[in-house]
Amino acid sequence: MLWSLLKILVFVALIALMAFGGGILMETAGGVQITVAGTEYTFGALQSVIALMVLVGLVWVFLKLMSLLVATLKFLNGDDTALSRYFDKGRERKGYQALADGLMAIASGEGRLAMAKAARAEKFLQKPELTDLLTAQAAELSGDTKKAAEVYKRLISNQATRFVGVRGIMKQKLSEGDTETALKLAEKAIAMRPKHEEVQDTLLRLQAQAQDWAGARSTLATKLKTGMLPRDVFKRRDAVLALSAAGAIVAEGATLQQQEQAIEANRLSPDLVPAAAMASRAHIAKGKKRNAAQVLKKAWGAQPHPDLAHAFAEIEPEETAQQRVVRFAQLAKLQPQHDETKLVMAELHIVAEDFPEARRVLGDLFERAPDARALTLMAAIERGEGASDAVVQGWLARALNAPRGPQWICDSCHHIHAHWAPVCEHCSSFDTMTWTTPDTPEIASATGVHMLPLIVGVQAEQPLTDESAEEAELVIIKPVIPDAVISDQKAK
């Protein structure tokens with residue numbers, strides 16, 4: 001309404017301005033004198049302006065007629081499209097202008113305006129390979145997914161625009177949650193454009209979600225060959241896929257294949273914690289304990305982790321608590337100041353009932369980084385040294401409300417996972433798991449007392465009462481050695 005009123009006001013202003021100018025010219029003396037064949041013509045000011053405008057119009061008409069004459073001569077000389085091109089110039093100009101306006105409307109987020117401009121461009125240009133894509137994008141922007149799907153199907157029928165159509169429908173299926181169809185479309189799209197980075201990433205993510213590890217490794221290799229992925233990143237992600245394949249084979253019970261896959265994953269990325277743990281167990285199953293220890297030591301030197309401590313303990317399951325302390329000292333030398341090293345060694349000394357040494361090894365960790373695990377260890381140390389129940393219960397009470405420490409966290413959505421996985425269960429991102437301490441309080445614990453590699457503490461679910469405090473003060477020490485060994489030590 002306001003726009004229409006504005007246009008009317010502008011039109012009236014222009015008419016008034018022209019009338020005012022005409023009046024001034026009529027009152028102006030003098031003019032233009034022209035002599036033609038001995039005859040003199042005198043024009044007033046207003047007449048001179050009108051004559052100039054007529055002259056400009058005649059020149060424009062003359063040029064148009066000359067262009068038409070040239071097109072006619074070309075047509076007579078055998079150029080069958082010369083006349084059609086001449087008459088289509090105006091339509092093309094309008095069509096390309098509408099196309100440009102439509103692109104600007106899409107960039108500015110005006111879906112309805114983009115649809116209108118797309119229809120106008122289609123009317124004038126009659127070039128579906130240009131206007132269909134604009135129409136599809138405008139339809140998606142305005143929420144008309146049905147119209148967009150129809151246009152993408154038309155694009156598929158044209159060899160020149162087939163990739164665009166397949167990619168468009170693939171993205172629609174992804175937004176609808178139809179990952180199975182989207183996976184098939186991504187495979188077709190990558191066959192047409194192997195170097196398209198977006199389709200490569202989409203296909204890799206969908207294959208990982210579908211647990212098609214062999215297909216995902218093939219796609220990853222394609223990304224490396226086309227230069228879309230650095231070699232160091234390729235090695236890590238290939239290791240993640242090999243590890244995932246090994247995990248799938250474990251579920252199927254093919255132990256030999258699982259061993260080879262796990263060892264390959266560790267070879268591709270020695271610092272990948274899950275791969276190192278699984279590879280060490282594969283070596284243990286083959287009776288190669290030295291190889292298993294080497295794998296774990298290399299991984300521990302890169303990043304100490306509770307899973308590595310578990311696997312290192314499994315190398316010698318029959319050893320005593322004192323023997324285990326001596327053997328784990330080799331591992332501790334690799335990262336002596338790391339928090340995980342201090343926690344593991346403190347647990348081992350508790351199992352060996354060397355509580356003063358456990359306190360010394362733990363140091364000020366319970367003050368510098370007071371998580372549930374460190375505080376539970378302090379409760380066990382106090383209990384072992386004969387402290388009162390009140391002191392032990394105090395440490396346990398602090399442990400109940402303390403942070404849970406490092407966990408597997410997705411770098412994309414920051415979702416906390418209880419276990420490592422190649423694909424985030426929350427945002428479906430691939431290879432985004434990092435072992436780190438969350439910035440926000442956790443709802444679910446992945447490294448609570450039940451996750452300690454060598455010690456398990458009893459935690460209460462409710463605030464401590466007199467009755468629950470008596471239960472919570474019991475700290476159960478479970479070293480990773482056979483129960484029979486513990487019974488023999490108690491008997492002695």
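Tutor: Helices H13 and H15 run roughly parallel to each other. The model is predicted: local features need pLDDT of at least 70 and side-chain atom pairs 80 or more, while totals for chains, interfaces and linings use all residues. Residues are numbered from 1 along each chain as its sequence is written, and side-chain values use heavy atoms, with hydrogens and water left out.

Student: At what angle do the axes of H13 and H15 cross?

Tutor: Helices are DSSP runs (H or I, at least four residues) numbered from the N terminus; axes are lines fitted to C-alpha atoms over the stretch in contact, with angles from 0 to 180 degrees between N-to-C directions. Angles under 35 degrees count as roughly parallel and those over 145 as roughly antiparallel. The axes of H13 and H15 cross at roughly 10 degrees and come within 9 Å.

Student: Which residues make the contact of H13 with H15?

Tutor: Contact means heavy atoms within 4.5 Å. H13 contributes Val273, Ala276, Ala277, Ser280, Arg281 and Ile284, and H15 contributes Asp307, Leu308, His310, Ala311 and Glu314. Six of these residues are nonpolar, two polar and three charged. Asp, Glu, Lys and Arg count as charged; Ala, Val, Leu, Ile, Met, Phe, Trp, Tyr, Cys and Pro as nonpolar; the others, Gly among them, as polar.

Student: How is H16 directed relative to H17, roughly parallel or roughly antiparallel?

Tutor: H16 (residues 321–332) packs on H17 (residues 339–351) at about 165 degrees, with the axes 9 Å apart. H16 is therefore roughly antiparallel to H17. Their contact has nine nonpolar, two polar and one charged residues.

Student: Is the crossing of H6 and H7 left-handed or right-handed?

Tutor: A crossing is left-handed if the near helix is turned anticlockwise from the far one by less than a right angle, and right-handed if clockwise. H6 passes H7 in a left-handed crossing, and the crossing of H16 and H17 is left-handed as well.

Note on methods:
Helix = DSSP H or I, 4+ residues; strand = E, 2+ residues; numbered from the N terminus. Parallel < 35°, antiparallel > 145°, perpendicular 65-115°, else oblique.
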